[in-house]
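I opened this notebook to record what I looked up in one structure. The entries follow the order in which I consulted it.

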Amino acid sequence: EFLEKHEPAHQIRSAGGVLLPVDVLGDTRLQCAPVGLQPGAQPLQLLGRRKRQEECLREAERWAETAGDRELLAQVKKSLGWMLAHSRRPAEAEPEFRAALEIAMALGDRTIEAGAMGGLGSVSRAQGRIAESRMHMDRQIEIAREIGDRAAEAGGMNNLGLALTHE
(Lines give C-alpha, C1' and ligand atoms only; values in the text may rest on other atoms or scores of the structure.)
Protein backbone atom coordinates (compact mmCIF):
# COMPACT_ATOMS: atom_id res chain seq x y z
CA GLU A 1 0.00 0.00 0.00
CA PHE A 2 2.68 2.51 1.05
CA LEU A 3 4.96 1.57 -1.83
CA GLU A 4 2.22 1.76 -4.41
CA LYS A 5 0.77 5.13 -3.35
CA HIS A 6 3.80 7.23 -2.60
CA GLU A 7 7.10 8.50 -3.94
CA PRO A 8 9.74 5.90 -4.81
CA ALA A 9 12.45 5.52 -2.17
CA HIS A 10 15.14 7.07 -4.37
CA GLN A 11 13.09 10.25 -4.81
CA ILE A 12 12.60 10.69 -1.09
CA ARG A 13 16.25 9.92 -0.34
CA SER A 14 17.51 12.22 -3.06
CA ALA A 15 15.33 14.98 -1.64
CA GLY A 16 16.87 14.40 1.77
CA GLY A 17 13.69 13.05 3.32
CA VAL A 18 13.35 10.50 6.07
CA LEU A 19 10.36 8.87 7.65
CA LEU A 20 9.71 10.10 11.15
CA PRO A 21 6.99 9.30 13.65
CA VAL A 22 5.51 12.39 15.25
CA ASP A 23 3.59 12.28 18.50
CA VAL A 24 0.68 14.70 18.36
CA LEU A 25 0.70 16.45 21.75
CA GLY A 26 1.07 13.20 23.68
CA ASP A 27 -2.01 11.78 22.01
CA THR A 28 -2.06 8.18 20.81
CA ARG A 29 -2.74 9.41 17.28
CA LEU A 30 0.48 9.65 15.33
CA GLN A 31 1.60 10.45 11.85
CA CYS A 32 4.44 9.13 9.80
CA ALA A 33 5.68 11.56 7.18
CA PRO A 34 8.65 11.97 4.88
CA VAL A 35 10.26 15.34 5.46
CA GLY A 36 12.45 17.42 3.20
CA LEU A 37 10.61 16.64 -0.03
CA GLN A 38 10.86 18.85 -3.10
CA PRO A 39 8.85 22.09 -2.89
CA GLY A 40 5.25 21.48 -3.84
CA ALA A 41 5.34 17.76 -3.06
CA GLN A 42 2.48 16.47 -0.96
CA PRO A 43 3.76 15.03 2.36
CA LEU A 44 2.51 11.64 3.32
CA GLN A 45 0.08 11.89 6.21
CA LEU A 46 -0.94 8.60 7.69
CA LEU A 47 -2.96 9.24 10.83
CA GLY A 48 -4.04 6.56 13.23
CA ARG A 49 -3.13 4.86 16.42
CA ARG A 50 0.25 3.42 17.35
CA LYS A 51 -0.60 0.22 15.52
CA ARG A 52 -0.98 2.19 12.30
CA GLN A 53 2.30 3.97 12.98
CA GLU A 54 4.01 0.62 13.44
CA GLU A 55 2.49 -0.60 10.17
CA CYS A 56 3.77 2.53 8.44
CA LEU A 57 7.27 2.06 9.81
CA ARG A 58 7.30 -1.66 8.97
CA GLU A 59 6.32 -0.82 5.42
CA ALA A 60 8.99 1.88 5.28
CA GLU A 61 11.46 -0.73 6.53
CA ARG A 62 10.54 -3.06 3.64
CA TRP A 63 10.73 -0.11 1.29
CA ALA A 64 14.26 0.83 2.40
CA GLU A 65 15.38 -2.81 2.17
CA THR A 66 13.95 -3.15 -1.34
CA ALA A 67 15.61 0.08 -2.44
CA GLY A 68 18.90 -0.99 -0.84
CA ASP A 69 18.98 2.30 1.06
CA ARG A 70 20.96 1.42 4.20
CA GLU A 71 20.91 4.94 5.63
CA LEU A 72 17.13 5.12 5.37
CA LEU A 73 16.86 1.61 6.82
CA ALA A 74 18.93 2.66 9.84
CA GLN A 75 16.73 5.75 10.32
CA VAL A 76 13.54 3.71 10.08
CA LYS A 77 14.82 1.05 12.48
CA LYS A 78 15.79 3.75 14.98
CA SER A 79 12.33 5.36 14.61
CA LEU A 80 10.69 1.98 15.01
CA GLY A 81 12.75 1.36 18.15
CA TRP A 82 11.60 4.66 19.66
CA MET A 83 7.97 3.98 18.75
CA LEU A 84 8.16 0.57 20.45
CA ALA A 85 9.98 1.99 23.47
CA HIS A 86 7.35 4.70 23.89
CA SER A 87 4.69 2.00 23.62
CA ARG A 88 6.24 0.29 26.66
CA ARG A 89 7.62 -2.55 24.54
CA PRO A 90 11.35 -2.32 25.34
CA ALA A 91 12.10 -5.97 24.58
CA GLU A 92 10.81 -5.43 21.03
CA ALA A 93 12.53 -2.06 20.70
CA GLU A 94 15.99 -3.36 21.60
CA PRO A 95 16.66 -5.39 18.42
CA GLU A 96 15.52 -2.44 16.30
CA PHE A 97 18.02 -0.14 18.04
CA ARG A 98 20.76 -2.79 17.74
CA ALA A 99 20.09 -3.13 13.99
CA ALA A 100 20.12 0.66 13.55
CA LEU A 101 23.40 0.83 15.47
CA GLU A 102 25.02 -1.91 13.39
CA ILE A 103 24.03 -0.25 10.11
CA ALA A 104 25.05 3.21 11.33
CA MET A 105 28.47 1.98 12.40
CA ALA A 106 28.98 0.25 9.05
CA LEU A 107 28.03 3.47 7.24
CA GLY A 108 30.00 5.70 9.60
CA ASP A 109 26.85 7.69 10.40
CA ARG A 110 27.61 9.07 13.85
CA THR A 111 24.24 10.85 14.21
CA ILE A 112 22.25 7.65 13.84
CA GLU A 113 24.82 5.84 15.98
CA ALA A 114 24.30 8.34 18.82
CA GLY A 115 20.51 8.02 18.54
CA ALA A 116 20.64 4.23 18.57
CA MET A 117 22.94 4.30 21.62
CA GLY A 118 20.43 6.55 23.37
CA GLY A 119 17.64 4.15 22.49
CA LEU A 120 19.60 1.18 23.80
CA GLY A 121 20.26 3.11 26.99
CA SER A 122 16.56 3.84 27.43
CA VAL A 123 15.40 0.26 26.85
CA SER A 124 18.16 -1.11 29.08
CA ARG A 125 17.00 1.22 31.85
CA ALA A 126 13.36 0.19 31.30
CA GLN A 127 14.39 -3.45 31.72
CA GLY A 128 16.33 -2.75 34.92
CA ARG A 129 19.80 -3.14 33.40
CA ILE A 130 21.12 0.10 34.85
CA ALA A 131 24.87 -0.48 34.39
CA GLU A 132 24.28 -1.31 30.72
CA SER A 133 22.03 1.72 30.38
CA ARG A 134 24.78 3.97 31.76
CA MET A 135 27.30 2.51 29.32
CA HIS A 136 25.02 3.28 26.34
CA MET A 137 24.18 6.77 27.61
CA ASP A 138 27.85 7.58 28.22
CA ARG A 139 28.61 6.48 24.66
CA GLN A 140 25.73 8.56 23.26
CA ILE A 141 27.04 11.64 25.09
CA GLU A 142 30.59 10.98 23.87
CA ILE A 143 29.52 10.63 20.23
CA ALA A 144 27.25 13.68 20.47
CA ARG A 145 30.15 15.77 21.76
CA GLU A 146 32.45 14.49 19.00
CA ILE A 147 30.00 15.49 16.27
CA GLY A 148 28.83 18.69 17.97
CA ASP A 149 25.21 17.60 18.39
CA ARG A 150 24.19 19.56 21.47
CA ALA A 151 20.59 18.27 21.43
CA ALA A 152 21.74 14.62 21.44
CA GLU A 153 24.25 15.44 24.17
CA ALA A 154 21.54 17.05 26.32
CA GLY A 155 19.17 14.13 25.68
CA GLY A 156 21.85 11.67 26.68
CA MET A 157 22.62 13.60 29.85
CA ASN A 158 18.93 13.72 30.74
CA ASN A 159 18.56 9.98 30.21
CA LEU A 160 21.76 9.32 32.13
CA GLY A 161 20.26 11.26 35.02
CA LEU A 162 17.14 9.09 34.86
CA ALA A 163 19.31 5.95 34.91
CA LEU A 164 21.28 7.22 37.91
CA THR A 165 18.08 7.71 39.90
CA HIS A 166 17.38 3.97 39.54
CA GLU A 167 20.71 2.80 40.95
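This is a predicted model: local features need pLDDT of at least 70, side-chain atom pairs count only at pLDDT 80 or more; totals for chains, interfaces and linings use all residues.

**Entry 1. Helix 4 against helix 5.**

Entry 2. Which parts of the chain does the pair tie together? Trp 82 belongs to helix 4 (residues 70-86) and Phe 97 to helix 5 (residues 90-107), so the pair links parts that are 15 residues apart in sequence. I checked the accessibility of each partner. Phe 97 is buried, at a relative accessible area of 0%, whereas Trp 82 is partly exposed, at 25%.

**Entry 3. Helix 4 from end to end.** I looked up the span of helix 4. Its end C-alpha atoms are 24 Å apart, in agreement with the 24 Å that its 17 residues should span at 1.5 Å a residue. At its N-terminal end I found a cap: a side-chain oxygen of Asp 69 lies 3.4 Å from the backbone nitrogen of Glu 71. Just after helix 4, Arg 88 has a positive phi of about 60°.

How many residues of helix 4 are buried? I recorded twelve of the 17, so helix 4 is largely enclosed by the rest of the structure. Among them are Leu 72, Leu 73, Val 76, Leu 80, Met 83 and Leu 84. I noted that the buried residues of helix 4 also include Gln 75, Lys 77 and Lys 78.

**Entry 4. Helix 6.** Helix 6 has 17 residues and reaches 24 Å from its first C-alpha to its last, close to the expected 24 Å. Of these residues, 13 are buried, so helix 6 is largely enclosed by the rest of the structure. At the start of helix 6, a side-chain oxygen of Asp 109 comes to within 3.1 Å of the backbone nitrogen of Thr 111. Gly 128 follows helix 6 and has a positive phi, near 80°.

**Entry 5. Ser 133.** Is Ser 133 buried or exposed? I found that Ser 133 is buried, with a relative accessible area of 0%; a value under 20% counts as buried. Ser 133 lies in helix 7, and its side chain reaches the backbone oxygen of Gly 121 at 2.7 Å.

**Entry 6. Helix 7 against helix 8.** I looked up the packing of helix 7 (residues 130-147) and helix 8 (residues 150-164). They meet at an angle of about 160°, with their axes 8 Å apart. That angle makes helix 7 roughly antiparallel to helix 8. Helix 7 passes helix 8 in a left-handed crossing.

**Entry 7. The whole chain.** Finally I consulted the overall layout. The protein chain has eight helices and three strands. Along the sequence they follow the pattern α-α-β-β-β-α-α-α-α-α-α. Of the 167 residues of the protein chain, 46% count as buried.

Terms used
Residues are numbered from 1 along each chain as its sequence is written. Side-chain values use heavy atoms; hydrogens and water are left out. Helices (H or I, at least four residues) and strands (E, at least two) are DSSP runs, numbered from the N terminus. The expected span of a helix is 1.5 Å times one less than its number of residues. Buried means under 20% relative accessible area, exposed over 50%, partly exposed in between (1.4 Å probe, protein chains only). A polar contact is a pair of N or O atoms within 3.5 Å; within protein, one must be able to donate a hydrogen and the other to accept it, and residues adjacent in sequence count only if both atoms are side-chain atoms. Axes are lines fitted to C-alpha atoms, for helices over the stretch in contact, and angles run from 0 to 180 degrees between N-to-C directions. Angles under 35 degrees count as roughly parallel, over 145 as roughly antiparallel, 65 to 115 as roughly perpendicular and the rest as oblique. A crossing is left-handed if the near helix is turned anticlockwise from the far one by less than a right angle, and right-handed if clockwise.
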